[in-house]
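Hello,

Please take a look at the structure below. My notes come after it.

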Amino acid sequence: METSRIEAFSDGVLAIIITIMVLELRIPEGAAVGDLLRETGTGLLSYILSFVYIGLYWNNHHHLFQLTGRITGAMLWANLHLLFWLSLLPFSTAWMDETGFARAPVMVYGSNLLGAAIAFFVLQKMIIISQGEGSVLQRAVGRDLKAKISTALYILGVVFAVFIGSSIIPTLLAMACFVGVAIMWLVPDRRMERVIVEREASE
C-alpha cells in the first residue's frame with residue numbers, strides 16, 4: 001500500500017478533531033472584549049494549546065511518511081492508535097476548561113498528551129522495524145532526545161496535577177510542562193528534513 005492513503009485518512013481525522021475543538025468554544029453573550037476574556041478566555045487558551053499540538057503531530061506525521069517506503073499492517077494499527085489518542089483531545093481539552101482546571105481533568109489532559117506521544121513513538125518504531133538494518137528513519141531520528149524530554153515533562157505535568165487543590169501553583173506548573181513541550185517542538189527540527197533532502201539528492 002502507498003503512503004498517500006494513510007496520510008489522506010490521517011489528515012481528514014486531524015481536520016475533524018480541530019473542527020470539533022473550535023465548536024466547543026463558548027461564544028460570549030456580550031460584544032465587549034471583557035466578555036470575550038471572561039467567558040471564553042481560558043477556553044480559547046486551552047484551544048490554542050491543543051491546536052498547536054494537533055499541528056505539531058500533523059507536521060511530524062507528514063515528515064515521518066516522507067521517509068516511509070511501504071505500509072505494513074503493524075503501521076496501520078499503530079497509526080490508528082495514534083489517531084485514537086489525538087481524537088480524545090477535544091474531550092480532555094473541554095473537560096479541563098469547563099471545570100476550571102481541576103485536578104482530575106488536568107491529569108486526564110496530561111495523560112492524553114502522554115498517550116499520544118507514546119503512540120507516535122510506537123508508530124515510528126514500527127516504521128523503523130519494517131525498514132530493517134540501516135533504516136533511513138532511524139538515521140533521521142537518532143537518539144530522539146526531544147521525545148525523551150517530552151515524555152518526562154508530560155509525566156511531571158501529571159504529577160504536578162495530582163497536587164491541584166486550594167493553591168494555583170500546581171496548576172501553573174502542570175500547564176507550564178505541557179506548554180513547554182509544545183514550545184520545544186515548535187522550534188524547527190531539521191533532522192528529518194536533512195535526511196529527506198539527502199535521500200532525494202541520491203535518487
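This is a predicted model: local features need pLDDT of at least 70, side-chain atom pairs count only at pLDDT 80 or more; totals for chains, interfaces and linings use all residues.

Residues are numbered from 1 along each chain as its sequence is written, and side-chain values use heavy atoms, without hydrogens and water.

Core. The largest nonpolar core has 49 residues. Such a core is a set of buried Ala, Val, Leu, Ile, Met, Phe, Trp, Tyr and Cys residues joined through side-chain atoms within 4.5 Å. Buried means under 20% relative accessible area, exposed over 50%, partly exposed in between (1.4 Å probe, protein chains only). Among the members that touch the most others are Tyr53, Val106 and Phe178. H5 (103–131) gives the largest share, eleven residues. Helices are DSSP runs (H or I, at least four residues), numbered from the N terminus. Contacts of Val106 (heavy atoms within 4.5 Å) include Met96, Ile164 and Phe178, leaving out residues up to four places away in sequence.

Helix H7. Its buried residues are Lys146, Ser150, Tyr154, Gly157, Val158 and Ala161. H2, H5 and H8 are among what covers them. Leu145 and Lys148 are exposed on the face turned away.

Salt bridge. There is one: a side-chain nitrogen of Lys or Arg within 4 Å of a carboxyl oxygen of Asp or Glu. Asp97 pairs with Arg26, closest N and O atoms 3.4 Å apart. Asp97 lies in H4 and Arg26 in the loop between H1 and H2, so the pair ties together parts 71 residues apart in sequence. Asp97 is buried at 11% relative accessibility; Arg26 is partly exposed at 40%.

Best wishes

Terms used: Helices (H or I, at least four residues) and strands (E, at least two) are DSSP runs, numbered from the N terminus.
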